[in-house]
Amino acid sequence: MNTVSMEGVGKRYKGFELSDVTFDVRKGFITGLIGPNGSGKSTLIRMMMQMVRPDQGQVKLFGQKLDGDAARLREKIGYVSDESYFYEHLTLKRMKNILAPFYSRWDAEVFHRYLDRFELPENKKVKELSKGMKMKFSLAVALSHSAELLIMDEPTAGLDPVFRRELLDLLAEQIQDENRSILFSSHITNDLDRIADYIVFVNKGRLIFEETKDTVIERHALVKGGKELLDADVRPLFIGLRETDLGFEGLMASRDSAQHLFGGLALIEQPTLEEIVYYTAKGKGEQTYV
Amino acid sequence: MYSVAQLVRKDFILSYRYLLILIPVMIFMTWVQAGSLLVYVTLPSIFMLIASCTFDRQNGTPRLTASLPVTRAQIVLSKYASLIPFTLLGILCAFVLQMMANLIAPASITFGRLEGAAVIMINVALASLYLPLYFWLGPKGMQIVRLVFIMIVATGSGAIGTWVKESPDLQRWTNGDFAPDTALIAGSAAGVIVLLVVSMFASFQLYQRQEIQ
């Protein structure tokens with residue numbers, strides 16, 4: 001069973017449209033939701049949390065269609081937002097006292113274990129914490145009520161590399177429990193390179209692909225060669241293309257096609273997730289002169 | 001109901017310290033005005049209601065309540081229900097101040113039953129006007145509404161209190177010296193109840209449609 005199913009969801013805002021997005025978050029896996037800023041990642045996450053309602057399509061959580069107010073299902077979700085959403089003037093202890101009674105499976109021992117692990121002083125006010133510490137507190141809360149689904153909206157944005165690595169290790173630890181699923185949105189593709197099992201890529205409000213991370217990387221090809229290899233027939237075959245005075249570098253959706261067209265003539269490499277995102281978002285528009 | 005009670009508890013934790021700021025004001029008002037229930041009850045309870053609403057709108061905090069396992073109807077209901085402990089706290093403040101004032105100058109402050117009923121109705125009416133606006137307007141609009149409400153409550157409660165204290169007829173009426181006009185009381189109570197029901201319905205409809213960004 002999929003923990004989350006987004007089925008043809010769409011949402012229209014002034015100047016932005018999320019259109020016909022379908023993907024799943026599979027039980028027991030980490031799904032990375034990637035895309036440039038403003039691509040619709042947060043809107044999709046807010047749909048799962050029922051903060052935003054889709055204009056079309058449907059969202060299913062734990063196999064249940066989100067009709068009406070599915071408050072009960074949120075007990076099974078640990079939500080971590082890109083920005084701190086706690087009351088700044090309260091201490092962590094007060095904040096915990098507010099939150100804990102809402103969750104029937106709140107485990108005070110687990111919560112204190114995370115506070116110790118993250119070195120969070122209970123008597124400090126939220127406003128006195130750094131961004132990293134606020135994120136750690138958010139994580140401690142999300143992990144203390146036996147959530148079956150962790151939804152994390154850009155949790156690593158603005159964090160230092162040490163804590164980013166710690167966070168990724170922690171998530172890898174969490175997913176050892178096969179009943180737990182994680183949806184991790186980020187525009188920092190390196191993070192997802194490390195831990196994601198599945199990648200959902202959205203760009204300009206549209207789903208570009210939803211595949212296992214390994215398939216995505218193995219399927220695409222990064223081609224580097226001289227400009228003489230580019231002509232009107234070849235150019236449309238690239239997802240994204242970057243041309244310089246010296247040559248070109250472009251992303252193709254199929255490694256086999258790349259081999260067939262450029263084998264022996266150009267350098268064909270396995271792209272990183274970052275290169276896939278970059279070229280897909282950029283397209284084959286402009287030329288860069290160096 | 002358990003979730004509503006927890007949301008009310010949250011609002012109380014968020015805003016109780018505002019009462020500490022108001023205590024010196026109330027003591028001063030006791031001294032200059034020889035006590036008015038409006039000042040003691042309405043001022044702290046409406047201020048605490050406004051404070052708890054404000055904290056729920058700061059930065060990303062709307063996401064906090066929206067991410068909890070509570071329905072939007074429960075969130076709306078809790079805002080109205082939080083008026084109960086806030087008003088009770090105001091009444092407690094009034095009795096403590098009355099006791100203290102009467103220790104210094106015996107019988108200097110007395111509260112009539114009608115005055116009490118009128119103050120509770122005023123509280124409900126104010127909250128019924130404030131909360132739909134809170135669920136409707138964005139942060140900028142609410143900033144203006146909040147300011148207007150604080151001014152109305154702060155200056156209005158003092159002014160009405162003084163007016164009541166300076167009018168012998170009103171004094172006798174609030175003390176229950178006149179035979180109560182049952183029709184007037186029942187009509188006022190019914191009016192406030194209708195206002196409350198309409199307000200709750202409007203708040204629910206508005207918040208149900210609202211998107212949390």
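This is a predicted model: local features need pLDDT of at least 70, side-chain atom pairs count only at pLDDT 80 or more; totals for chains, interfaces and linings use all residues.
Local features need pLDDT of at least 70, side-chain atom pairs count only at pLDDT 80 or more, and totals for chains, interfaces and linings use all residues. Residues are numbered from 1 along each chain as its sequence is written, while chains are lettered from A and ligands numbered from 1 in the order in which they are written.

Six strands of chain A form an open, mixed sheet in the order E6-E7-E8-E3-E9-E10; strands (E, at least two residues) and helices (H or I, at least four) are DSSP runs numbered from the N terminus, and two strands pair if DSSP finds at least two bridges between them. Because E6 (77-80) and E10 (206-212) of chain A stand at the edges with a single partner strand each, one side of each is left without a neighbour in the sheet.

In E3(A), five of five residues are buried (20 or more other C-beta atoms, placed from the backbone, lie within 10 Å of a residue's own). A:Ile30, A:Gly32 and A:Ile34 point one way from this strand, whereas A:Thr31 and A:Leu33 point the other way.

Helix H9 (residues 273-282) of chain A packs on the sheet and touches E3, E9 and E10 of chain A, where contact requires C-beta atoms, placed from the backbone, within 7 Å.

Notes:
Two residues are in contact if their C-beta atoms, placed from the backbone, lie within 7 Å. Axes are lines fitted to C-alpha atoms, for helices over the stretch in contact, and angles run from 0 to 180 degrees between N-to-C directions. A residue is buried if 20 or more other C-beta atoms lie within 10 Å of its own, exposed if 12 or fewer, and partly exposed in between; C-beta atoms are placed from the backbone.
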